[in-house]
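Please walk me through this structure in order, from the chain as a whole down to its loops. Keep the explanation plain.

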Amino acid sequence: MTAELVGGLEPPDYASHDRAAREQYDPVFTGDVKRELDELLTRYPTKMAALLPALWIVQRVRGWVSDQGMAEVAGQLDLTPAYVKGVVTFYTMYHQHPVGKYFIQVCTTSPCGICGAEDVVKAFLRHTNTGELGITSPEGRFTVIEVECLGACGFATPVMINEEFIESVTPDKVPDLLARLT
Ligand code: FES
């Protein structure tokens, strides 16, 4: 059957797009990474119990967790892709789209807010050349986001750069913090 034209426009070819995405997917769990997953599974009573660390492996290898990555994890752990997606979308630490090499999280919840967290955010946006929250800098190095309480309210403003936790960040410290990142 010929696809109908709506408003004179060709409808998107979703089927070929999905097919192309599947064909281009390069599995994460091969070689050493598959062996790492197999070893991980020996430490949990069920495959399902290893879901969070398995997703963490995907994010470590790829930098984010795509729909195909979720489907691959589902296959490895005998879960449905929908179940895995539900978990990924619940936890904000899993990236559902590509982010910069350095993922910068700044606490802007009220206690940090009244100590100047917004100015820290502005300094990061300016010095990383991202300009906007959630946008990755042109060379792919930085993504800056605001987050809720990081549990260091007495040390405003706390910032996480990937897994590194940094307390008492002020706008004037931002250039030096960024300069030491390779
Ligand atoms: S409010 Fe910022 S760390 Fe708690």
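Among the contacts in the chain with a separation of 6 or more, 56% join residues 24 or more positions apart. The model is a predicted one. Its chain has 182 residues, and 24% of them count as buried. Eight helices and four strands make up the secondary structure of the chain. Their order along the sequence is α-α-α-α-α-β-α-α-β-β-β-α.

One helix pair can be followed in detail. Two packed helices are described by the angle between their axes and the distance between the axes. For helix H3, residues 51-62, and helix H4, residues 67-77, the angle is about 140° and the axes are 10 Å apart. An angle over 145 degrees would count as roughly antiparallel, and 65 to 115 as roughly perpendicular. H3 and H4 are therefore oblique to each other. Their crossing is right-handed. On the H3 side, the contact is made by Leu51, Ala54, Leu55, Val58 and Arg62. H4 contributes Gly69, Val73, Gln76 and Leu77. By residue type, this contact of H3 with H4 divides into six nonpolar, two polar and one charged.

Which residues of H4 are buried? They are Gly69, Met70, Glu72, Val73, Gln76 and Leu77. These residues cover an arc of only 160° around the axis, so they lie on the same side of H4. What covers the buried residues of H4? The cover includes helix H2 (31-41), H3 and helix H5 (81-90).

Just after H4 comes Asp78, with a positive phi of about 60°. Asp78 is a residue other than glycine, and its place is in the loop between H4 and H5.

Ser168 sits in the loop between strand S4 (164-166) and helix H8 (174-179). Ser168 has 13 C-beta neighbours inside 10 Å, so this residue counts as partly exposed.

Another backbone feature is at the peptide bond from Ala156 to Thr157, which is cis, with omega near 0°. Thr157 is located in the loop between S2 and strand S3 (159-161).

The last stop is Glu139, in the loop between helix H7 (117-128) and strand S2 (142-147). Glu139 has 9 other C-beta atoms within 10 Å and is therefore exposed. How far apart are Glu139 and Gly100, in sequence and in space? In sequence the two are 39 residues apart, while from C-alpha to C-alpha they are 8.5 Å apart in space.

Notes:
Residues numbered from 1 in each chain as written. Predicted model: local features only at pLDDT ≥ 70, side-chain atom pairs only at ≥ 80, totals over all residues. Axes fitted to C-alpha atoms, helices over the stretch in contact; angles between N-to-C directions. Helix = DSSP H or I, 4+ residues; strand = E, 2+ residues; numbered from the N terminus. Parallel < 35°, antiparallel > 145°, perpendicular 65-115°, else oblique. Left-handed = near helix turned anticlockwise from the far one by under 90°. Contact = placed C-beta atoms within 7 Å. Nonpolar A, V, L, I, M, F, W, Y, C, P; charged D, E, K, R; others polar. Buried ≥ 20, exposed ≤ 12 C-beta atoms within 10 Å, placed from the backbone. Arc of directions from axis to C-beta.
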